[in-house]
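User: I have just opened this one and could use a hand reading it. Can we go through a few strands together?

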Amino acid sequence: MHRPTALLLVLLIAPCGAGSAADPVVEDLGTRRGGSDWPVFLGPRGDNSSPETGLLDTWPESGPPVVWTRGLGTGYGGPSVSKGRLFLFERRGDRARLTCLRSETGDELWRYEYRTDYEDYYGYNNGPRTTPVVDGDRVYIFGVEGELHCVRFGGEAVWRVDTTAKYNVVQNFFGVGSTPIVEGDLLIVLVGGSPPGSPTIHSGAVRGNGTGIVAFDKRSGKVVYEITDELASYASPMVTTIGGRRWGFVFARSGLVGFEPASGKVDFHFPWRARILESVNASNPVVVDDLVFISECYGPGSALLRVAPGRHEVVWKDPPGRRKAMQTHWNTAIHIDGHLYGSSGRNRSDAELRCVALRTGKVRWSRPGLTRSTLLHADGKLIVLTEAGELLLVRPTPDELDLISRVVPRDQRGVPLLRYPAWAPPVLSHGLLYVRGDDRLVCLELRSPAAAEPKSPATPTDGGSTDK
C-alpha cells in the first residue's frame, strides 16, 4: 500500500522548533585532519568500510594505544561521529539519553533525554539498539520503545513522533532495533505498524497495515509516504545507486523490499525468513553492482538477487538443509574483490568467520572458535571485533584466514576493557577506532606514527565512569 502525502494527517507529532530550508554551517571541533566522519550506521559508505589510510600495519602485543574510555548505561548501539563530535545513545535508569562528546577526548558537550519504560520480553537489557544518525546540525534517534526524535546540536528538540502509538506497532521480540537513514530531504524509517487490536508478536498472527516503511520530512517530521505491509526487523534501511537510479532496500521481517526512495514506489518483495516464529532478520543487504546479497541465521541462510526497476531474479540461494554459504546474525558481511567476509552462525559456539565467493556462494574458507563477530574494512585490512571483546587484524584473502594481530584491549592494571556482549559494529573516524562492550566505550589510536597529526591527548582519560 502506498499513501500520498495529501491523504495523511500527522498525528502524535510534537513540533518543538522549526526546520530551515538551508542548514547552518556546523563548526568542526576536530583537530585531526585527513580521514573521514562516521555519521550514520555502518559508516559513510553504508557498508562498514572506511576510506581511511595510514593505519597501523600491525598492532603491538598490548593492542593499539588507548586514547580514552567512557562508562556506559544500558544499550547495544554503537556511536556515530561528525565534526569532532561523538554521539552516544544509551539508557540511564528510566531515561533514554543522547550524549554528545568531543570525539578526540571523550569530554561531554551536552545531552538530551526523554523518559522510557520499555521492558524486554527476553530479559536482555532495556536500552537502545540503534545508532544516532547525524545530518547537518541535527541528530536522529530511534528508541527501543519506538520514540523517534530529531535533536539539534546543543540538545534542542526539533520534533518527535511516537511511532508505537501512531502506527499501533506491536512490540517486537527485542523492541525497536532498526536505525533510520537520511535520503535527500527524507528520513526513512522501518516502522512496521499494525491494525488496532492486533495480538502480541508471540501469537504469530500480527499483520501489517501499509506502514511498514515510513518516510518523514527530515526537518519537520511530517509524513511523506507510507509503504508495504511488512513488519519491522532488526536490519536497517539502506540506499544506493544502481544503473544511474537511486534504490532503497529494507530486509524486513518477512523478506527483502526494493523500492524507489524518493517516491516510495515498490519495485519488488522477495520472501526470505525462517519458518520458526522466534526468528529475526538483522543483517543489512550487501549491494555490488546490480547484485543484492541477503543473509540470516535462523533457517534459509543466504541468497543473491539481481535487481532492475520493477523486477528481480535469483542468482543463487542456499538449499534446504544444514549446508549454508553464510548465515549472518546481526553482523553485515563485507564485500572485497568478489568475495564476502562475515561471521556465520546463530550462536557463540557455532559461529565461524567465513569467506564466500559472491557470485556462486562457494565457501572459500571458514574459521571456528571466534564467537560471533562484526567486521570493518579499512586500509586494505579487516578489523574484527568478537562479542567477547577481542580485536583481530586480518588481511582479506580468499585463500585462507591471514591473521596479522590478535589482542584484548586492557586497562593499565591489565583488566580487559570490553565485556561481553560486544555486539555493536566498530567505528573508525580520523584514525580513531571506537569499540563498545557491555558497559564501556573505548577509543583506540589506529594511525601509524608517520601518519598521525596533530596528536590526541597523550594519556588515556575516562570520560564517563563516574557519570550517573
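User: What stands opposite Val 133 in β9?

Analyst: In this predicted model, the residue of β9 that stands opposite Val 133 is Tyr 140. Strand β8, residues 133–135, is joined to β9 by three bridges, and the two strands run antiparallel.

User: And how many residues lie between β8 and β9?

Analyst: There are two residues between them in a hairpin, and Gly 136 in the turn has a positive phi of about 65°.

User: Is β9 buried or exposed?

Analyst: Strand β9, which covers residues 138–142, is mostly covered, with five of its five residues buried.

User: Which residue is the bridge partner of Ile 141 in β10?

Analyst: That partner is His 149. Strand β10, residues 147–152, runs antiparallel to β9, and five bridges join the two. They also form a hairpin, with four residues between the strands and a positive phi of about 105° at Gly 146 in the turn.

User: Changing topic, what is the order of the strands in the open sheet of four?

Analyst: The order is β24-β25-β26-β27, with antiparallel pairing. Because β24 (334–336) and β27 (363–368) stand at the edges with a single partner strand each, one side of each is left without a neighbour in the sheet. Direction ignored, neighbouring strands of this sheet are turned by 20° against each other on average.

User: How many bridges pair β24 with β25?

Analyst: Strand β24 pairs with β25, residues 339–344, over three bridges in the antiparallel sense, and the bridge partner of Ile 334 in β25 is Tyr 341.

Terms used. Residues are numbered from 1 along each chain as its sequence is written. This is a predicted model: local features need pLDDT of at least 70, side-chain atom pairs count only at pLDDT 80 or more; totals for chains, interfaces and linings use all residues. Side-chain values use heavy atoms; hydrogens and water are left out. Buried means under 20% relative accessible area, exposed over 50%, partly exposed in between (1.4 Å probe, protein chains only). Two strands pair if DSSP finds at least two bridges between them. Axes are lines fitted to C-alpha atoms, for helices over the stretch in contact, and angles run from 0 to 180 degrees between N-to-C directions.
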